[in-house]
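Subject: Structure for you to look at

Hello,

Here is the structure I promised to pass on.

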Amino acid sequence: MDKVVVSVGGSVLIPGDNDSIYIEKLAKMLREIASDVQIAIVVGGGKMSRYYSEVGRELGGTMYQLDELGIGITRVNAKLLTVALGDIANSDIPLKAEECASMSAPGRIVVMGGTEPGHTTDAVASMIAKNLNADRIVNASNVDAVYSDDPRKNPDAKRFSRMTIQELKDVVYDDHDAGKSCVFDPLGVNIAMEEKIDLYMVNGRDIDELRNAILGNEIKGTFVNSHQ
């Protein structure tokens, strides 16, 4: 049975757009394929995390404190998804990648949020994948593929359907700032490269696309080959 780690952006889970309907459909799909693949999920913070980080910044919070605020929101989001998943999911949210990997088992879905300041949920997904010896990482974001630039700001941005992990590394940026986001966290890319774990980059709100990525099927998004 393949082992898959899914990084679900907070902007995918709770953007304020029929969120309960989407989460219900997501949970239904995940329960349906849990007998085919072993799944671990990391949930991001999204706009609520950025909101708390911004307010904390205005109040004079340190970068460490701002990250702590964001991590708290990711764990709330993770708990929300476990509510929808029901008894197939964990009741207690893991606090470390190693803990998540050890809780993972066939027929079960383990969900967690962030771990510690300085580590994005993308990076956490790669850490879980390393500990789990996962076959692939699926990045479910609010963008449908990897682009050379933000397609929402640059209509001429190049869209990639396939790329090597080195090419992906050349696209992402290397600085970390609380509340910022990029196509996939550079630390997460480095871990995936070292461990030779393929990445699937998809629009997380497209349930069929997300299902295909988790199952390792052809996708409309970007397949990142870590073996080249």
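How do the residues of the lining of the second largest pocket divide into nonpolar, polar and charged? Before the answer, please keep in mind that this is a predicted model.

The pocket

The lining has four nonpolar residues, three polar ones and five charged ones. The space inside the second largest pocket comes to about 180 Å³.

Of the elements involved, H6 gives the most, with three residues.

Ser49

Ser49 sits in helix H3, which covers residues 46-58. Is Ser49 buried or exposed? Its relative accessibility is 11%, and buried means under 20%, so Ser49 counts as buried. Apart from neighbours within four places in sequence, Ser49 has contacts with Gly70 and Ile73. Pro106 is 57 residues away from Ser49 along the chain, and the C-alpha atoms of these two residues are 31 Å apart.

The aromatic pairs

How many aromatic pairs are there? The count is two. One of them joins Tyr51 and Tyr52, with ring centres 5.7 Å apart. The planes of Tyr51 and Tyr52 stand at 90 degrees, and over 60 counts as edge-to-face, so that is how this pair is classed. Tyr52 has 37% relative accessibility, which falls between the 20% and 50% cut-offs, so Tyr52 counts as partly exposed.

Tyr200 and Phe223 also form an edge-to-face pair, at 5.1 Å centre to centre and with 65 degrees between the planes. Tyr200 belongs to strand E8 (residues 198-203) and Phe223 to strand E9 (residues 222-225), so this pair ties together parts that are 23 residues apart in sequence. Both Tyr200 and Phe223 are buried.

That is what I have for now.

Regards

Terms used. Residues are numbered from 1 along each chain as its sequence is written. This is a predicted model: local features need pLDDT of at least 70, side-chain atom pairs count only at pLDDT 80 or more; totals for chains, interfaces and linings use all residues. Side-chain values use heavy atoms; hydrogens and water are left out. On a 1 Å grid over the protein atoms alone, a cavity is a set of points where a 1.4 Å probe fits but cannot get out, and a pocket is an open set with protein on both sides within 12 Å along at least five of seven lines; lining residues have an atom within 4 Å of a point. Grid points are joined across faces, edges and corners, and a volume is the space filled by probe spheres set on the points. Helices (H or I, at least four residues) and strands (E, at least two) are DSSP runs, numbered from the N terminus. Ala, Val, Leu, Ile, Met, Phe, Trp, Tyr, Cys and Pro count as nonpolar, Asp, Glu, Lys and Arg as charged, and the others, Gly among them, as polar. Buried means under 20% relative accessible area, exposed over 50%, partly exposed in between (1.4 Å probe, protein chains only). Contact means heavy atoms within 4.5 Å. Rings of Phe, Tyr and Trp (its six-membered ring) pair if their centres lie within 6.5 Å; planes under 30 degrees apart count as stacked, over 60 as edge-to-face and the rest as tilted.
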